Protein chains: 2
Amino acid sequence: VGTELLLGQIVNTNAAEISRGLAAMGIDVYFHSVVGDNPQRMRSVIEAAMSRSDVVIVTGGLGPTPDDITRDALADVLGVKLVRHPRLVGMIQDVFKRMGRDMPEENRRQADIPDGARVIDPVGTAPGFWIEREGKLLFALPGVPWEMKAMLTETVLPELSRRSGQGVTLSREILVVGLGESRTYELIKAIVDEQTNPTIAFRADAGQVRVRMTAKAAGETEALELIAPIDQAIRARLGESAPQGHHSTAGEALVVLLQERGFTVAAAESLTGGLIGAELTRAPGSSDYFLGSLVCYSTDAKAKTAGVAEEILREKGPVSAEVAGALAEGAARSFDADLGVSATGVAGPEPQDGAPVGTIFIGATLHGHTETRHVRGYGDRSHVQRMAVTAALDLGRRLVARAQ
Amino acid sequence: VGTELLLGQIVNTNAAEISRGLAAMGIDVYFHSVVGDNPQRMRSVIEAAMSRSDVVIVTGGLGPTPDDITRDALADVLGVKLVRHPRLVGMIQDVFKRMGRDMPEENRRQADIPDGARVIDPVGTAPGFWIEREGKLLFALPGVPWEMKAMLTETVLPELSRRSGQGVTLSREILVVGLGESRTYELIKAIVDEQTNPTIAFRADAGQVRVRMTAKAAGETEALELIAPIDQAIRARLGESAPQGHHSTAGEALVVLLQERGFTVAAAESLTGGLIGAELTRAPGSSDYFLGSLVCYSTDAKAKTAGVAEEILREKGPVSAEVAGALAEGAARSFDADLGVSATGVAGPEPQDGAPVGTIFIGATLHGHTETRHVRGYGDRSHVQRMAVTAALDLGRRLVARAQ
């Protein structure tokens with residue numbers, strides 16, 4: 001729920017988060033619906049959802065401002081009144097007290113819950129609630145992603161798990177880096193065309209393809225047993241382009257290997273602006289392997305900060321295989337890391353230093369052995385940047401994987 | 001369209017992108033629907049959409065693999081056959097040729113278009129199409145974001161603009177950094193409660209609040225005239241917390257000021273792992289003001305790479321105001337930048353260096369004048385990181401804004 005979703009001002013990450021949680025429990029998600037802060041349309045969408053599904057999870061519109069009308073709309077659909085819970089008013093006041101502020105009067109509305117619904121205590125300031133009606137379950141959660149996620153994990157999923165007791169739907173993904181979607185499909189077509197359980201689907205994103213195998217079975221063990229032989233057969237045909245394990249990004253695949261070997265990593269990056277470092281610090285515990293990154297956006301910085309030789313920059317240009325190699329070596333040297341990775345190139349929209357938009361050179365160096373590659377990026381600025389991140393981390397992963 | 005959306009494996013950025021384009025033209029978006037790669041449910045969702053809306057835009061499921069069934073489902077809803085277009089087969093073959101590969105046999109399916117539909121030439125390998133039926137328009141675009149976006153901009157929006165000739169819906173946002181959503185609302189409540197055109201809505205995200213004013217009027221000029229006095233009145237009450245101009249992030253607000261003054265910026269970052277640099281390189285032309293960033297994740301790197309004095313690190317600890325200040329100064333010095341910004345802290349989920357999760361210290365230095373701040377972060381790891389990025393860039397913005 002939220003007009004800001006329909007205006008495109010925010011992206012619906014909540015739908016994805018909830019869906020992942022439900023899929024892991026074997027609950028099929030058939031529809032996502034988004035509707036704005038409008039009572040009639042909200043009502044029509046919620047009624048349609050409750051008529052076609054056993055469980056409806058609504059997020060958003062539980063805030064303190066006047067455009068937050070989900071409480072009222074749901075009470076209306078359920079045909080009940082809103083009841084103010086003094087205990088919740090107290091909890092919301094406490095949140096403000098901890099931030100050293102008084103609770104604004106408006107926040108009292110957040111303690112209004114449809115009569116007969118069970119309260120989910122707030123983790124921020126917005127309480128959630130849930131109610132059972134004609135054998136169907138309706139949950140209302142706040143729209144703020146981390147508040148939503150806490151209630152999903154602590155209340156919604158456990159409640160559904162208690163009630164379902166049915167089989168599981170389990171997915172495993174094989175990450176493929178450096179082949180296209182069509183080429184990947186072609187290589188494993190014979191396997192894909194024969195399969196019904198697990199089903200096999202593809203998705204391509206910024207230089208990587210994920211091959212998703214989804215099995216339905218009575219339990220997790222049975223589902224994994226269905227997946228295992230298909231997984232093996234697919235990997236046999238994809239070789240080094242498919243990192244061992246089940247990862248959703250090239251960064252994850254690299255991080256697992258670094259942790260296994262006890263290696264450290266550092267980066268030196270140009271067109272990616274810090275995204276290689278950001279990717280390597282995404283997971284908790286990243287300080288065990290990630291030391292730092294030199295973001296050298298200007299040509300000067302490549303020389304001064306990462307120690308790329310002036311004559312290489314002059315003769316080959318900042319967008320070149322030689323500079324990618326020197327950047328990777330500079331990163332490893334500066335931070336005293338086992339592995340150095342790098343990316344230089346042109347994210348666009350304008351050509352630069354004589355190189356066309358989408359030109360990417362990546363480098364990786366491990367214990368003195370350096371490799372570089374040229375990758376042809378495409379798409380918009382952000383897509384080219386993400387392709388460079390993927391390619392750089394994947395080259396690092398290949399070097400570490402080979403250094404058995 | 002896409003089971004990967006319903007499994008939560010990708011986020012629906014296409015819905016947001018399309019919605020932004022339509023809103024800018026004054027076309028109201030009332031619903032988003034997501035459905036999987038299932039013929040019956042896809043049919044039911046498309047039929048519902050066509051019954052309640054004048055324009056339906058479908059994305060996804062036009063790829064070459066067997067789970068791509070949108071072409072077939074739409075032909076079925078429309079009651080027509082699919083027709084293979086030899087010209088499109090040729091265009092797809094050319095795409096592969098440019099990548100130095102042969103076209104796999106599977107890609108021929110992508111040239112199948114419902115009979116009577118108009119073709120939208122492919123920008124990747126997937127052609128789109130559109131058709132008019134009983135006064136309603138149905139567009140089918142590929143799911144790959146940059147391919148979708150190109151067709152949206154070049155075909156869908158111009159076609160809709162040609163046909164609509166109606167008024168515009170125009171939004172302007174006031175960014176507010178450092179106040180909460182409730183506090184912001186409280187300060188401007190008297191204005192909000194009186195307004196119907198523009199309407200005013202709030203959204204809070206990672207340490208910032210955006211106040212969105214949305215006006216409907218005959219033309220852009222008239223809409224802006226409705227917004228202007230409200231915009232002024234709101235800013236008068238929010239003071240320095242609302243940067244001049246209409247920005248959606250603290251980074252954008254800073255970048256505009258840097259461009260105005262001809263200043264350069266560099267960063268030194270710890271818990272943000274490169275996200276400050278990434279934020280500053282998001283826009284085209286960022287090499288005019290962004291020089292680089294020192295991502296110093298380890299304590300060693302803070303001393304060695306950013307030149308933070310060992311005794312400060314030892315006495316105050318790496319998570320401290322003093323280190324934030326020294327990092328900002330180290331960044332400005334290393335890259336010879338006008339402005340240096342920094343962030344150090346604990347993203348979580350574990351406490352670190354004696355500081356609890358969510359502790360953030362930020363710093364900024366401009367031409368020798370340094371300021372630091374303590375910010376209390378909350379939420380998950382990624383949320384704490386984003387709060388730190390926002391706070392650091394906002395402190396930099398305040399320094400530049402004051403240096404008139």
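Start by selecting the contact between the two chains: 88 residues of chain A and 88 residues of chain B take part in it, where contact means heavy atoms within 4.5 Å. What you have open is a predicted model, in which local features need pLDDT of at least 70 and side-chain atom pairs count only at pLDDT 80 or more, while totals for chains, interfaces and linings use all residues. Residues are numbered from 1 along each chain as its sequence is written, chains are lettered from A in the order in which they are written, and side-chain values use heavy atoms, with hydrogens and water left out.

Colour that contact by element next. Chains A and B bury about 6800 Å² between them, 58% of it on carbon and sulfur atoms; buried area is the accessible area (1.4 Å probe) that two parts lose on being put together, summed over both. Now pick Leu6(A), Trp146(A) and Tyr297(A): they supply 9% of the area that chain A buries against chain B, more than any other three residues.

Time for the charged pairs. Between chain A and chain B there are 2 salt bridges, a salt bridge being a side-chain nitrogen of Lys or Arg within 4 Å of a carboxyl oxygen of Asp or Glu. Show Lys189(A) and Glu106(B) to see a salt bridge at 3.8 Å, N to O.

Move on to strand E12 (residues 290-296) in both chains. E12 of chain A and E12 of chain B pair in the antiparallel sense over 5 bridges. Strands here are DSSP runs (E, at least two residues) and helices are runs of H or I with at least four residues, numbered from the N terminus; two strands pair if DSSP finds at least two bridges between them. Zoom in on Leu294(A), which stands opposite Leu294(B).

Zoom out again and look at both chains. Rotating by 180° with 0.0 Å of shift along the axis superposes chain A on chain B, with an RMSD of 0.1 Å. That is the relation of a two-fold axis. The superposition is by least squares on the C-alpha atoms of residues with pLDDT of at least 70 in both copies. To find the axis, select Gly274(A), the residue of chain A that comes closest to it, at 1.9 Å (C-alpha). The copies meet through the same surface, because 99% of the interface residues of chain A are also interface residues in chain B.

Last stop: inside chain A, show Asp28(A) and Lys216(A), whose salt bridge has its closest N and O atoms 2.8 Å apart. Asp28(A) sits in the loop between helix H2 (13-24) and strand E1 (31-35), and Lys216(A) in strand E10 (residues 208-217), so this pair ties together parts that are 188 residues apart in sequence.
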